[in-house]
Amino acid sequence: MSRVVTSVVGGAPADGAPGGEIASTNPARMSEVVATVGLGDAKVFVAAARAARAAQPAWADVPAPIRGRAIAHIGRLVEANAESLARLVTREVGKPYAEALGEVREIVDTCDFFLGEGRRLYGQTVPSEMPDKQLLTFRNPVGVVSVITAGNFPVAVPSWYLIPALLCGNAVLWKPAEYSAACSAALFELIIRGGGLPDGVLNLVLTDGPATYAGLEEALSGGYVDKVGFTGSTAVGARIGELAGRHLQSPCLELGGKNPMVVTPSAELDLAVEAAMFAGFGTAGQRCTSLGTVLVQDSVHDDFVARFDKATRGMAIGDPFGNVVYGPMLDERFAARFEEYLGWIQPHHQVLGSTGTGRITAANPRAGFSGDPGGGLFYHPTIVDGLRAADAIFREETFGPLVGVATYGDLSEAISLANEPGYGLSSAIYTRMPDEVFAFRRGVSAGMVSVNNSTSGAEAHLPFGGNGKSGNGSRQSGIWVLDQFTRWQSVNWDYSGRLQKAQMDVAELVPDESYRLPD
Ligand code: UN1
């Protein structure tokens with residue numbers, strides 16, 4: 001069944017499609033249209049920001065524990081609709097159904113965490129340096145938050161922004177990826193209905209990249225947006241950061257990754273192989289936390305690569321409603337870009353992992369493929385061994401089912417290779433040695449470190465975010481994201497009946513500095 005989706009501004013669906021109409025298709029069966037998307041233009045973006053601006057003060061007046069109740073109800077409604085939302089995720093972006101269910105679970109986990117935050121959202125009472133004076137801190141909502149998200153996690157990652165932003169008393173406009181518009185419209189509906197949200201508190205904006213940028217620029221200049229959250233590529237994140245910076249705002253940026261996994265001689269190799277497969281090829285390698293390069297110590301390289309190659313050749317790929325490790329690419333533009341990355345393979349590389357490279361077709365088959373590859377955007381898993389630090393495949397994110405392998409001698413070399421590409425999102429180390437764990441944790445530039453686990457699969461209540469080309473140091477999830485969606489206000493209250501001047505009118509106790517203990 002195909003549906004029609006449009007922007008929703010101030011509670012009303014936007015008229016027409018000033019930005020044009022596009023079809024969001026099933027990447028496993030490109031002939032199947034999942035939704036017809038009526039795109040808005042920059043004006044729609046600005047109208048949504050203004051609607052949010054108008055709705056925000058009344059929303060901030062709703063007591064935080066009551067906003068927490070709204071989040072609780074959203075979580076329950078998402079849970080009640082988990083299977084149909086997961087099916088839609090699988091149909092629209094091709095994520096295997098088990099993973100899609102996990103993605104929906106992540107929304108519920110996020111709601112479960114923040115429903116209680118409505119009863120906390122603590123400030124502090126702080127002692128003053130003067131008598132009859134109290135110091136207090138309050139968290140105030142930022143105001144209007146504009147959230148721009150990618151389609152590889154079309155519902156979970158948006159919830160990391162939307163749920164805490166709403167809980168904190170902000171109004172939001174959400175611009176999801178066009179190719180996951182049906183999933184976004186479904187989540188939007190669940191949040192609005194589950195939360196009983198007043199019109200304008202959450203707005204949905206469906207625009208393409210240029211209209212989004214133009215709309216954001218205008219909304220920032222007009223003073224209708226106070227905070228930007230963006231998940232997507234490093235290149236676009238840099239532009240968004242530049243734009244927000246011009247308005248003295250620090251955005252919450254969650255960008256790309258070139259996530260390393262270090263395999264040391266003490267590693268349990270089969271466990272490391274299993275993790276490399278899940279981290280490298282799960283979601284067809286299209287997570288920001290996907291494994292980029294395995295850094296294997298010289299002495300275990302051949303053994304690791306032989307096992308990794310064998311396991312990858314045996315991996316199930318195909319229909320995402322089946323029992324597969326991965327299905328199709330998200331969308332045609334990701335498939336096209338992945339083909340460019342495959343063009344970076346050089347003669348000094350050894351390509352392993354499948355019966356071919358590139359798109360899986362009848363003429364370029366993958367042994368054991370489940371279903372008919374013809375109509376979908378399915379790609380061979382590709383292991384590229386023999387990477388050198390100067391290679392593009394080593395240095396750049398290669399969003400798709402491609403894992404590089406390089407070797408190292410000692411751990412300090414592994415750490416410097418891990419940091420070399422300049423990203424810093426996730427990382428992993430396989431070892432049994434505690435000293436190696438702590439040396440790696442300390443030396444790696446990543447915001448997230450897994451020990452004997454995959455680079456992907458972060459839990460919903462730990463700080464999530466990166467450094468360097470992966471982000472500007474902002475963190476999502478758990479208590480840490482509250483600092484993105486609130487601003488601290490400090491209050492001092494003097495009831496002494498006189499003007500007490502800080503630093504000047506303070507009592508001084510006189511120490512006897514010359515005192516020494518008798519021998
Ligand atoms: C992303 O790819 O943008 O840790 C987020 C993970 C997921 C989130 C990934 N929970 O892989």
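The model is predicted: local features need pLDDT of at least 70, side-chain atom pairs count only at pLDDT 80 or more, and totals for chains, interfaces and linings use all residues. Residues are numbered from 1 along each chain as its sequence is written, and side-chain values use heavy atoms, with hydrogens and water left out. The largest pocket holds about 910 Å³ of space. The largest cavity has a volume of about 90 Å³.

**How space was found**

- Rolling a probe the size of a water molecule over the atoms shows where empty space is left.
- The search uses a 1 Å grid over the protein atoms alone. A cavity is a set of points where a 1.4 Å probe fits but cannot get out. A pocket is an open set with protein on both sides within 12 Å along at least five of seven lines.
- Lining residues have an atom within 4 Å of a point. Grid points are joined across faces, edges and corners, and a volume is the space filled by probe spheres set on the points.

**Largest pocket**

- The space is about 910 Å³. Its lining counts 36 residues, and Phe230, Gly232, Ser233, Val236 and Arg337 are the closest to the centre.
- Helices (H or I, at least four residues) and strands (E, at least two) are DSSP runs, numbered from the N terminus.
- The lining has 18 nonpolar, 10 polar and 8 charged residues. Ala, Val, Leu, Ile, Met, Phe, Trp, Tyr, Cys and Pro count as nonpolar, Asp, Glu, Lys and Arg as charged, and the others, Gly among them, as polar.

**Helix α7**

- α7 has 14 residues and reaches 20 Å from first C-alpha to last, close to the 20 Å expected at 1.5 Å a residue. The expected span is 1.5 Å times one less than the number of residues.
- At the start of α7, a side-chain oxygen of Asp208 comes within 3.0 Å of the backbone nitrogen of Ala211.
- Buried residues in α7 include Ala211, Tyr213, Leu216 and Leu220. Buried means under 20% relative accessible area, exposed over 50%, and partly exposed in between (1.4 Å probe, protein chains only).
- The buried residues of α7 pack against α1 (42-61), β8 (144-148), β9 (171-175), β11 and α8.
- Gly223 follows α7 and has a positive phi, near 80°.

**Loop residues**

- Asp132 is not a glycine, yet has a positive phi of about 55°. Asp132 sits in the loop between β6 (125-127) and β7 (133-141), and is partly exposed at 40% relative accessible area.
- Asn452 also has a positive phi of about 55° without being a glycine. Asn452 is in the loop between β19 (448-451) and α15 (482-485), and is partly exposed at 37%.
- Thr264 lies in the loop between β13 (259-263) and α9 (269-281). Thr264 counts as buried because its relative accessibility is 1%.
- A polar atom of the Thr264 side chain lies 2.7 Å from the backbone oxygen of Tyr430. A polar contact of 3.5 Å joins the side chains of Thr264 and Thr431.
- Polar contacts are N or O pairs within 3.5 Å; within protein, one atom must be able to donate a hydrogen and the other to accept it, and residues adjacent in sequence count only if both atoms are side-chain atoms.

**Cavities**

- The whole structure has 5 cavities of 30 Å³ or more.
- The largest cavity is lined by 15 residues, with Ser290, Leu291, Gly292, Glu397 and Thr398 nearest its centre. This lining has 4 nonpolar, 8 polar and 3 charged residues.

Notes
Contact means heavy atoms within 4.5 Å.
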